[in-house]
Structures are given as C-alpha cells and as structure tokens.
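Biologist: I'd like to learn how to read a protein model. Could you walk me through a few features, one at a time?

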Amino acid sequence: GQLFDCAEALGKTTRPAGNSLGIVTNGGGIGVMAVDALSRWSIEPAILGPESVAKLEEFLPEFCSRRNPVDISGDATPERYARAVRVCMEAQELSGLAIMLSPQPRTDAAAVALAIVPEVMGKARPIFAVWMGGPEVAEGVQILNEASIPTFETPEAAVDTFMKMYSHSRHLELLQETPPRLPRELNVKADQARSFIEQCLAKNVRLLSELESKAVLSAYGIPVNRTMAASSGADATSKAKEIGFPVVLKLNSPDISHKSDPGGVVFNLQNEREVISAYDRIVAQAQSRQPDARILGVMVQTQVEQPDLELFIGSKQDPDFGPVIFFGLGGVLTEVLNDWAVDLAPLNLLLARQMIQKTRVYRVLQGYRHISPVNVDLLAEILVRVSQLVTDFPEIVELDINPLILNRDGAVAADARLVVEPSMVSAPRHLAISPYPNQYESDWMLRDGTPALLRPIKPEDEPLVHDFLSKCSEDTVYFRYFRRIRKFTHEMLIRFTQNDYDREISLVAVGQSPAPEVILGMGHLFTDFSRESAEFAIMVGDQWQGNGLGSEIVGRLIDVAREQGVQRLWGEILAQNQPMLEMAKKMGFTVTKDVENQTCRVEMELAGFKMLANW
C-alpha cells in the first residue's frame, strides 16, 4: 500500500524532464516518473530498453515483472537481488536506482544488503535503499549505512530525496546555461535619459508625465507610440492633424495615475470635431471627480491597432534587493488576474525568456485560436532594455508600461509611467546582483592596425571563447593553465564566461569590423574576499601575439583592480614563459623565482602605481 501511495504522491510533484528512477523490489512497486518541465503536470514512466529486459529474462521467473519497477518476487535470493541491480546499473535509460526490500518469510535483509553493496559501490549513479520492516531489517540497514548507501524506511522518502537531488542539479544547469546573444547590439542613449531624469528631479517632479516617461523609455530603445501634449481643444486638434487620424486622447495630470478611471481615455477619434468634444469631456470629468487634481490638458497619441492581448512590464525598487522586474498580462485587469512573473535585475535574454515562460499568458503568446503567435524574442529584448534602464538609474523607483501592445507590426508601449526619487547610491550599488560592468568597455588598436573592443566577458560569449581556445597552440594553453588541455568542456567554459563581476572580472579583446569578430586575447582578475590582493592571468591568441595586446590587457586589469580598492596585484608565470616575464618586468612588477615549481611570482603594489610609457 505504501508503494502505491508513493506513486500518487509523485503524480502531484512538479519537476523537470530527464529524471528517471529505476526500482527493484521484492513485492509490488511503483513506476518510474519523468516529467516535462513545460507541461509540468504530465507524468511518463521510464521504460527499460529491450536489452535490459532481455538480461532480466535470463534469470527472473516467468511470473516476475521485467518492467519498471522490476518485481523480483517475494522469494528473491540475495543473488537474484544482485543480478537485478547489476542489470539496472548498466541500463542507460535510468538516471538512478531505488532498491526496495519488504519483510518476507524467505528474505534475509542482511544477506541482501551484503550482496548489493559490491554492485553499487563507487558508481556515480544515485542509489537509494528502502529497507522496510523496522527492527526486522535493522542488521541490513546497518550494513548499508556502513557502505554509505542512503537508506530509507519508506519509498516516499527515497523518491522525494531523488527528486530534490535532481531539482538541485537541474537548477544548476539552468543557472549555467549559456544565454543566446541579442540579435543586435543593445545601443542605448544613457546620457539622454540621464538628462531627462535630472531635469525632472530639479523641478521637484516625482511622477513623470506620460510624455516624459516615454522620452526616457525611448532613449533606451523601448518602442513607444507617437505622443504630443495639448493644453486646449484647439491645440489638441492641431496635434491630431499633425500625427494623423485616427488618434487617442488621454488625460494629462500628475495627480491621476489611472487615467481610465475618471473617463480619461478616448479612443479612435476620426476628425477635428470628435477631438474637441473628447477634450472637453475628458477635462470636465476629471475636474468633477477630482477637483483638487492638476489638469494639464491631454496627450494626443497615434491610435494603435486594436491588439489581441495587452501586456504589462513594470519595475519597483525594493529596499533590500534593488529593482524588481515584473511581466505579465496587462490592461485594466492586471491587478485582478495577477498573471505575472517576477525577477531581479539585471536580466539577459535567457532570463527574460524564462520570465515570460513562467506566466499563463505565455501559452497564448505562442498562438491560440484566432490569436496569432507574437514575436517572443522581441518581447524578451524589451524586457532586457527595461532591465538595463533600471540598472543604470537607481533614481527610478517605479516603472509601469501598461499596456504594452504586440501585433504583427511589432511592439509599442501605449502607456507608461515613471516615478523617480533622488538616490543616495550610484549605479550599480543599488543592485543585489552585480550587473555587467559596461564602464570597462573601450576601443583599442593593435600595433598592426587591427581594431578591437576591450570589454568584460559575457555569459553568451561561450562560443567565441571556445573558438578562441581551440585555435590556440598547445604551448599557449600550457603557459596559461600550467597543464595540457585537449578539450574545453561546457563546465570549464562557464567558469570563464559566467563571472560574479563583484569578485571576478574577465576582459576579452574582440575584433571589430573590418576585422573578424573573434576573441584576440583574454585577461582574468580574481579578487580575494578582503580586496587586499587580486590574482591576474592573461592569454593572447597565437596570431595576435607581439602586437602589444598582452600589456594592454594587463594595464586594463590594473585599472580595474585599483578602482575596486585592491592594494596588491600578483600572478604566477611559468619560468619558461620569457616573453610574459619580460613584459611584467617592463610594467613594474617584481619577479620572484620558485625554483622547485619552475614558476615565477610577479607582484605589484598598486597604491603608488603609475602607468609606464612605452609598455
């Protein structure tokens, strides 16, 4: 009964795909469960392959189940247990194995434990033993515990542990997944946005008007519909003619956030007469419902084609975590339906896509009945741009884009609202997660004239880094890593590309047009916890050596270390790497030889460091 109760419990568990647990039992059992992360609730049993089934048929009685779970019968001997476990351990279709034993008249729990220990010891696959029976199986439990095999009293506990292990490993995979590159550079006009925000703060304006809010959004490449302010009916008519009919009129008041509540929005105005009438009606209703509100007139906007869906993107400054990003279903029912996802800034394209996929409206965005699929990649890019905006400006304490309209013509922020406050901290110190440090980006030319961009590495650079390392000679790799590396795996590459920018920064030199977009060289800076010292290392591709790139990268690393308050910079260089040692000496590093390890330690005190001419 416990076994089937466990099956029911598994059916209520949410977990990603790829987890397959095999079960060997001497009486009844549950199937193996695997779940699709997107469908979440569908459960499929892991099926043993024909080869595994054939091996089981060689020794199992005819009445025993060869399926998963493998029922080896209540009269199972220790040898039968061992053979069944051996077959399952060799089955590639299983990720883990639960070995169950329930008290039977002819079952020796201790003998079974002794038989299976050699079959599972030293194997990388997760193994779980379920020895049910309390005192009757205590001797077998002790044998398993001494062999460091996790042992449980119930199958529910074993399966729950397996799922937690899988969930943990899956979360690590997601965290270490290489983000896709943006289809285009994230060019923003930060100075323009800063000017707009500072002017509003200087005027003691906290709630920006829709026009001011859209100006800031537009500076960061977030698409907005054409919007103009009008202070009278005649002015509104003039602006409507300039924009082109049909138009939308919206109330312009710093004291009224939700414009639709007092009848402050009128759509699809086709001519001058309708514009004047709508203007008078909007202003009159606002003055009637909120007499103390400041009414500045209206906003005249392009009439956007009626969308199938209205979306919402927002941000709010949290005192502990910094800017929090929101995404979900928009429109007037946003706060009622509560279909939204939350994440911390900064976002990359991968995190933005995952955020969209967490919402219920995502299924509709893929296409549903009469609703055509939308460009989810464009939507993710807009989320990344919003994230970059609130990352760059701690003064933005609230941001609302509602509705954000997606249709066949693209995307447009039809309404927007920003709230700003003076900030006591500068970016990026208002963030809980260190963002990409774009302040370290700069252009440079190699001695042979090759243009390059020196910048911090990004997680999405993994393909570029792999290509760079694969083209370096064995000696170049050996001088950098002090060992021969034949193959750079994903697990190795993510250590290079996924940096905690607060403690570790890797700089790459990337070729710029007309040169190919390839990595020319890399430098790494590892700061200790106290920030008293930092280790550095560099590597320049064979084709680009002798062009001054190595010393330039080291110089940039020195600048970064000094900015972060590092007092001493050091590195280890192989004694036979003479070009690197000569460069270190010219730059002012002291060199200490370690004869035993055939290495040299180079050090520099940064307090009084000055750039040397002619590196």
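Biologist: Let's start with Asn-268. In which strand is Asn-268 found?

Modeller: Asn-268 sits in strand β10. Keep in mind that this is a predicted model.

Biologist: And what is the phi of Asn-268?

Modeller: The general idea comes first: most residues other than glycine have a negative phi. Here, Asn-268 isn't a glycine, yet its phi is positive, at about 55°.

Biologist: OK, peptide bonds next. Which residues does a cis peptide bond join?

Modeller: In general, most peptide bonds are trans. In this model, a cis bond links Ala-427 to Pro-428, with omega about 5°. Another cis bond links Ser-513 to Pro-514, and there omega is about 10°.

Biologist: Where is the place of Pro-428, and where is that of Pro-514?

Modeller: Look in the loops. Pro-428 belongs to the loop between β17 and β18 (442-445). For Pro-514, go to the loop between β20 (504-511) and β21 (519-527).

Biologist: Now helices. At what angle do α7 and α8 pack?

Modeller: Helix α7 covers residues 190-202 and helix α8 covers residues 210-219; they pack at about 155°, and their axes are 8 Å apart. An angle over 145 degrees counts as roughly antiparallel, so α7 is roughly antiparallel to α8.

Biologist: Is the crossing of α7 and α8 left-handed or right-handed?

Modeller: The α7 and α8 crossing is left-handed.

Biologist: Which residues in α7 meet α8?

Modeller: On the α7 side you'll find Gln-192, Ala-193, Phe-196, Ile-197 and Cys-200. They meet Glu-212, Ala-215, Val-216 and Ala-219 of α8. Sorted by class, the residues of this contact are 7 nonpolar, 1 polar and 1 charged.

Biologist: Last topic: pockets. What volume does the second largest pocket have, and how many residues line it?

Modeller: The second largest pocket has a volume of about 970 Å³. Its lining has 34 residues, and Gly-331, Val-332, Asn-402, Pro-403 and Asp-415 are those nearest the centre.

Biologist: Which element gives the largest share of that pocket's lining?

Modeller: That's β15, with 4 residues. Several elements each supply at least two lining residues, including β9 (247-252), α11 (334-337) and β15 (396-407).

Key
Residues numbered from 1 in each chain as written. Predicted model: local features only at pLDDT ≥ 70, side-chain atom pairs only at ≥ 80, totals over all residues. Heavy atoms only, no water. Axes fitted to C-alpha atoms, helices over the stretch in contact; angles between N-to-C directions. Parallel < 35°, antiparallel > 145°, perpendicular 65-115°, else oblique. Left-handed = near helix turned anticlockwise from the far one by under 90°. Contact = heavy atoms within 4.5 Å. Nonpolar A, V, L, I, M, F, W, Y, C, P; charged D, E, K, R; others polar. 1 Å grid on protein atoms, 1.4 Å probe; cavity = no way out; pocket = protein on both sides within 12 Å on 5 of 7 lines; lining within 4 Å. Points joined across faces, edges and corners; volume = space filled by probe spheres on them.
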